[in-house]
Amino acid sequence: MSEFNITETYLRFLEEDTEMTMPIAAIEALVTLLRIKTPETAAEMINTIKSSTEELIKSIPNSVSLRAGCDIFMRFVLRNLHLYGDWENCKQHLIENGQLFVSRAKKSRNKIAEIGVDFIADDDIILVHGYSRAVFSLLNHAANKFIRFRCVVTESRPSKQGNQLYTLLEQKGIPVTLIVDSAVGAVIDKVDKVFVGAEGVAESGGIINLVGTYSVGVLAHNARKPFYVVTESHKFVRMFPLSSDDLPMAGPPLDFTRRTDDLEDALRGPTIDYTAQEYITALITDLGVLTPSAVSEELIKMWYD
Amino acid sequence: MSESEAKSRSATPPSKAKQATPTTTAAANGEKKLTNKELKELKKQEKAAKRAAMKQANGISIEQQQQQAQMKKEKKQLQREQQQKREQKQKNANKKKQNERNVKKSTLFGHLETTEERRATILALTSAVSSPKTSRITAAGLMVPVVASALSGSNVLTASSLMPVGPNASSTVSASAPASTTTTLPASSAALSAGTSSASTNTPTAIQQEIASSNASDVAKTLASISLEAGEFNVIPGISSVIPTVLEQSFDNSSLISSVKELLLNKDLIHPSILLLTSHLAHYKIVGSIPRCIAMLEVFQIVIKDYQTPKGTTLSRNLTSYLSHQIDLLKKARPLSVTMGNAIRWLKQEISLIDPSTPDKAAKKDLCEKIGQFAKEKIELADQLIIDNASTQIEESTTIVTYGSSKVLTELLLHNAISLKKNIKVIVVDSRPLFEGRKMAETLRNAGVNVMYALITSLDTIFNMDVDYVFLGAHSILSNGFLYSRAGTAMLAMSAKRRNIPVLVCCESLKFSQRVQLDSVTFNELADPNDLVNIDYENPVERRGNKGALLNQFIKERKFEKKKLAMENKPKGNKIGGKKGSEGESKDASNEEDSNSKNILDGWQELPSLNIVNILYDLTPPEYIKKVITEFGALPPSSVPVILREYKGSA
């Protein structure tokens, strides 16, 4: 393999394993990169990783969670580089541990389900926005524990992830109903709690997720319903957006250019949004149940010690 | 002892004897066992009897004698009563005075050190430390080495030669024990007596005397900063320096006085560069928590360089306590800023880590290098990182509101406007009485940044101007995420939050404090209340209220010159004005001048029900702050304790 393309590798990993999340795929892609390129010096390795990360982030339009994975790997590399005197040994260790990290990250979803099951009680009506593997594994686990709860799933346009979740829950035998996104306000009073996933968790403890999460969060906050974020800790990302328009996005949040007459094509706008920490009750992660302010603590611990 | 008193004393025994003689003589005859006391009594009676006999022999009857005695007794009684009355009066007056003081102190911020107290302390210290041979101008006036010159006979700078007013210059010196009676003497002799009284313990040349002179108003002006009413000083024996007794009278805070005495005892230890820094800090020549910290570290480098380890101790043990003395003095200028506190804590730890076996020279050099590195790492490089991080937040053509003046913010805005060529607009919000924003606005404007300057009173209008961000500097951020910054910040942050404008704080982690505080009363700094009262643009010198003697004289001369000029100009005025006589006009002019120089709240110190609070800082709750940008990256305010916990060793 003479030509190595980081983006292709990354996409291939995502394709091969549907259970794999974006940050993990990014890490795996970077590990593969190291295995193939075999850099000669530490400086070369760091430079290779850096340039590939940049390339990857540029080529993928929605790069938030991907960025989290790259950040973690970079940090991991930087921290381990000076621990070993012998370069070959060090490289070997990095590759091995990188894979260990990947396998551990996959297990974290089961751990989240274990931790989060306490948050679901009998007779609960749970609103879920968007499709998140972590949320599904939690609901799945709760159903396996014979907790009797019902789900309200939003359609989650424009990606229509809600349909996917609806079918999965239906198969599992959990009573579920599908609503349009704009109906959240109409049903929020009937709902007991809200669960959402996250593409990235910012330093403030706020989350970056599928568009619409912010509106759900505000509605839940207004109706005094608990709003839980179910996410793996490797999605914690060193970003601090102040609002949704601070997020890295492909185009401008509002695009006023003229389109074709096709109405379906005319539908444009941001695909992700940012939900500030004040709307979040707690984050259910593999590190335990965290308050939003604890996210920053975890990130600080991870980056400077 | 007065003559009348002597008489009355001699007169009392006879009257007593009259009553006692018959019974006691009988008793004496009857019983032989007598105590010493009784014996004395007997002797007295005998004497009295003899005297009475003598007088009788001279032709004064017993009745007359009794009358005389009675008269003397009455006279004495009267005198006593009068004296008591006088004492009572004085006591009442004192009480009244004290009450007034208490009223002024018993505000919400009574527990905080006032500028008056700080100034008095510094005055006492500088007068003690300043070299005896040279005169110095201090916060309160001119310090003259009277004693030294008086003893040596060289040119004596007496009060009369200094002050334009009368020769009746006098200073009251209460020698040695504060309880002893005060003696009023002419200035030079008072100084001399003070000198001789302590000559046995100390060299007289070391004694200095501050001249407080002539009429009361001049004295008050000379020592205006400590509102001295009568020039009284307390000479502490063996310390050979002066403490204004006002310090003891007006501040019933005994801990303050004891701390001053403590400082005076250790005055020989104090490094001159520390003194200089103290005076700079006290006069707000160095302001801002970061510049203050840098200045302090620089001075510490000098101090450490000059430090000599005394025999019998090691550097790592002695230097810390030596520095503590310096810091005690620094504290008197203004309360230490959080940055200074953190730096001092770090330095002390570094000193304690020095291996005792390292030679002093190497250890000192090492320490100085470390201090330099600390300043570079914690301030310079940190600022660079903060600027880099915050710059990502500032987009093209944004409007930014700032408050007051902050070093890192000024650099950040300059970097964005000049180096990155972003088209930003800055609104500098400022407030009375410090007007720090002017400095920042000027710096930015000089660099060509689009600046708007406004006072905090027009905050509402400012926030209606499509503001994108509020950037704030900080004095400190507390463990609970509260922002402790220049008074007015909280108001700004709250207004911004109300309009959904993000509030960002740029702050080095050196400013993080372990303290937790919920209101801005518990701990704060009081500035001079006079700053809020007088806005005398005509005469800015008098604004601060600390007028030196020379300055005063200068002002007087200026006034005189002005009058002269006015007189010269008068003829013209007469021609235009026509009818009025020159005398009447000049009176009018002077009246006008008087009313002009008097501000509405000028006499606030005498008004018992008026208190003026001039606090320097306030607290902004964390919910009004979107993020804190530090060298560790952007954090929510809730992460301050995390940083403190994780980097306790390094910070």
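Buried means under 20% relative accessible area, exposed means over 50%, and partly exposed lies in between (1.4 Å probe, protein chains only). This is a predicted model, in which local features need pLDDT of at least 70 and side-chain atom pairs count only at pLDDT 80 or more, while totals for chains, interfaces and linings use all residues. Residues are numbered from 1 along each chain as its sequence is written, chains are lettered from A and ligands numbered from 1 in the order in which they are written, and side-chain values use heavy atoms, with hydrogens and water left out.

Let's turn to the salt bridges. Here a salt bridge is a side-chain nitrogen of Lys or Arg within 4 Å of a carboxyl oxygen of Asp or Glu. By this rule there are 19 salt bridges over all chains.

| Pair | Closest N and O atoms |
|---|---|
| B:Lys370 and B:Glu350 | 3.0 Å |
| B:Asp366 and B:Lys370 | 3.7 Å |

B:Lys370 pairs with B:Glu350; because B:Lys370 sits in helix α15 (residues 360-391) and B:Glu350 in helix α14 (residues 338-353) of chain B, the pair ties together parts 20 residues apart in sequence. Helices are DSSP runs (H or I, at least four residues), strands likewise (E, at least two), numbered from the N terminus. B:Glu350 is buried at 16% relative accessibility, and B:Lys370 is partly exposed at 30%. B:Asp366 lies four residues from B:Lys370 in helix α15, about one turn of the helix, and is partly exposed at 34%.

B:Arg499 is partly exposed at 28% relative accessibility, as is B:Asp460 at 47%.
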